[in-house]
Amino acid sequence: MNRIVFFLFFILVLAGCTQQEIKEGQVYVVKDDNSHEEQAGDMLNIEGRIPFQKYVNQSLVDQYNSNRILLTISPDGNEMYIMEKFEASSLSHVIMGDPDEKVRIIKEDIATKDQKIVIENIPFVSKVLWNTEGNMVAFGGGGKLTVYDVENNNVLMNEKLAQDTITNFFWSPVNEDKLYSEQPNLANGSIYYLASQKKVEAYETREETYYKGKLDSNYYYGTKWDLTGGDINTVILDKQGKIIKVLTQGRFRDAYQKSLLVVGETGFGLYYIRDINSLDEMIALTEEYVYDVKFVTNGEIAYTTKADDIDTNLFYLHIVDNSGDYLKKFKVYGGSVAVLPDGNSGYISGPEWQQVDFVQNKLVQQNTQTKDYEADDLHKIYATIRGAMTTLYDFELKGEQNWNSLKKYFKNTQLPEQWAYLDMEIMFKEKANRSLAEAFSTYMIKIEMKSYDINSMSDGASITIGVDTKNYYGGSNTMDYALELIKSEGNWYVIGFSTFPYSTLRKEIEEIIQETVDNIQLGKLFSGKLESKEINIGQIQFWRSGKPHLAPNIESADSIRVLLQVTNQGKEEIYKLVLEKVNQSYFEPVKLTKENLSSL
């Protein structure tokens with residue numbers, strides 16, 4: 001048994017280290033050719049459970065549509081819980097990544113039709129679980145968890161739950177008010193005690209194994225966190241917390257009878273175990289970042305990954321049969337899947353909720369991203385930002401130099417000088433070897449709009465965005481960027497990173513820079529290096545020097561990088577002048593060089 005677990009782990013690590021591409025539509029079987037037969041004690045003589053409800057009255061379900069989704073029916077059969085769009089917006093603040101539309105949850109009495117709003121202004125709900133007594137229900141999605149007390153008609157611990165980003169959860173099988181959670185960087189996150197309103201952090205509890213899913217009435221799935229080595233294993237355990245069987249490394253995602261789905265520890269990679277009693281085979285479905293994955297009717301699998309078209313914020317919905325064979329692939333608007341209680345159909349998140357028929361494996365409405373968004377500037381700006389930031393991060397994280405995308409999304413402009421194209425060009429040339437050495441096979445990126453100002457008179461726009469990235473090995477990074485864009489011949493281009501051309505503070509700094517350049521030409525600075533040379537001030541860019549990065553706003557900048565055009569013996573050269581902040585209103589020159597132009 002231990003050899004099998006070790007071998008599965010070795011395969012996962014090997015796939016990451018070699019960065020071998022797992023192609024969609026292919027079945028990859030992870031198999032130990034030298035594996036021994038499982039010992040009798042390892043065999044679980046169980047059938048597992050089918051996690052779907054059968055409807056007593058189908059007409060109750062048929063009355064709902066893509067704006068009102070049935071999430072669950074209470075265990076006593078008296079109430080329905082419905083998800084409804086809370087706000088209708090033609091444009092999300094999410095430029096790239098899983099859309100963050102807001103919803104409300106409504107409780108409806110099946111007999112009287114009386115309705116009550118449980119909660120509103122929460123993200124799209126993709127998972128619903130009842131506790132053991134059926135008196136509390138938890139709704140999760142978009143990193144948000146809501147717990148509703150059915151008997152007292154109120155939401156529990158909402159403020160404390162809002163403090164955490166919760167990606168998965170499960171109720172204790174023996175304690176009706178105890179809830180285990182998972183967070184993006186913690187497979188075993190906080191534990192919540194609803195009755196006492198107490199939250200216990202992972203480091204505060206001695207519980208190394210968290211419950212994550214139900215196998216049958218006696219056994220459960222969990223994740224065991226090895227506090228010494230840091231490994232996360234998906235295991236089978238009983239109600240007392242005793243580990244019955246170690247299955248594989250990775251995070252539990254869903255179960256159907258004796259079948260199991262796990263993702264890699266960082267969310268990249270999806271692996272399917274058809275029978276937990278046959279661990280010598282495991283099917284690798286993808287190496288991409290998996291936004292959501294569910295078992296659906298007849299044990300088939302539905303999962304989402306990011307689509308490869310950077311001009312649009314689309315996703316792929318993949319459907320795989322219970323043998324691991326590929327069935328269908330659709331482009332859809334969102335990355336989250338809400339499966340209806342019977343497992344036969346579901347809805348995809350996004351600006352429009354799309355219904356999926358899992359029996360016939362088809363989209364009920366086949367207009368995926370053929371929707372003709374009104375051709376306004378903000379939609380076009382979104383597309384440019386997606387393309388520009390993907391070009392940047394494909395280079396930074398994968399070592400890819402996409403010169404075609406560079407020309408498509410970046411430009412240099414004058415008055416004032418803004419040289420985003422040149423910035424990227426210099427970066428491609430100076431950092432190429434470093435980027436190739438540190439390249440990853442894949443990464444996840446989310447881009448959110450923080451502020452924007454479109455100047456229709458000048459065909460320009462100032463945009464502030466937040467960018468979150470995560471790579472295959474768990475490394476993550478969060479950065480804010482201030483972008484300047486310009487419209488040219490109907491298309492938008494990024495022309496400046498952190499240049500702030502309309503800031504009044506910049507006007508004061510321009511005077512300091514001009515004075516500095518005058519002194520350089522007079523030979524008073526930098527040992528007369530450029531004395532008497534013709535110097536033109538090029539792009540002025542604002543940085544934060546603590547961890548060198550472009551400043552998200554001019555007020556936070558403590559360093560300035562100025563690119564100078566210097567004419568030397570009839571030849572034009574680019575120099576970098578760096579100034580550092582001395583006090584609130586003054587920057588002093590500290591560096592003048594032709595080397596490492598892409599950094600401070």
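1. Asn 298 sits in the loop between strand S23 (292-295) and strand S24 (301-306), where strands (E, at least two residues) and helices (H or I, at least four) are DSSP runs numbered from the N terminus. Although Asn 298 is not a glycine, its phi is positive, at about 60°. With 52% relative accessibility, Asn 298 counts as exposed, on a scale where buried means under 20% relative accessible area, exposed over 50% and partly exposed in between (1.4 Å probe, protein chains only).

2. The model is a predicted one, in which local features need pLDDT of at least 70 and side-chain atom pairs count only at pLDDT 80 or more, while totals for chains, interfaces and linings use all residues. Residues are numbered from 1 along each chain as its sequence is written, and side-chain values use heavy atoms, with hydrogens and water left out.

3. Tyr 256, in strand S19 (residues 251-256), is buried, with a relative accessible area of 10%. Tyr 256 and Asn 298 are 42 residues apart in sequence, and their C-alpha atoms are 8.7 Å apart in space. Leaving aside residues up to four places away in sequence, Tyr 256 touches Arg 49, Ile 50, Pro 51, Phe 52, Phe 295, Val 296, Asn 298 and Gly 299, contact meaning heavy atoms within 4.5 Å.

4. Two further backbone details deserve a check. Phe 526, in the loop between helix H8 (504-521) and strand S37 (534-544), has a positive phi near 55°, and Phe 526 is partly exposed at 23% relative accessible area. The peptide bond from Leu 415 to Pro 416 is cis, with omega near -5°, and Pro 416 lies in the loop between strand S31 (412-413) and strand S32 (418-419).

5. Helix H4 (residues 377-398) and helix H6 (residues 420-430) pack at an angle of about 15°, with their axes 11 Å apart; H4 and H6 are therefore roughly parallel, a term for angles under 35 degrees. The contact involves Thr 391, Leu 392, Phe 395 and Glu 396 of H4, together with Met 424, Met 427 and Phe 428 of H6.

6. The structure holds 23 aromatic pairs, that is, rings of Phe, Tyr and Trp (its six-membered ring) whose centres lie within 6.5 Å. One of these, Tyr 393 with Tyr 481, is edge-to-face (planes over 60 degrees apart), at 6.4 Å centre to centre and 85° between the planes. The pair links distant parts of the chain, with Tyr 393 in helix H4 and Tyr 481 in strand S35 (residues 476-488), 88 residues apart.

Methods:
Axes fitted to C-alpha atoms, helices over the stretch in contact; angles between N-to-C directions. Parallel < 35°, antiparallel > 145°, perpendicular 65-115°, else oblique. Phe/Tyr/Trp six-rings, centres within 6.5 Å; stacked < 30°, edge-to-face > 60°.
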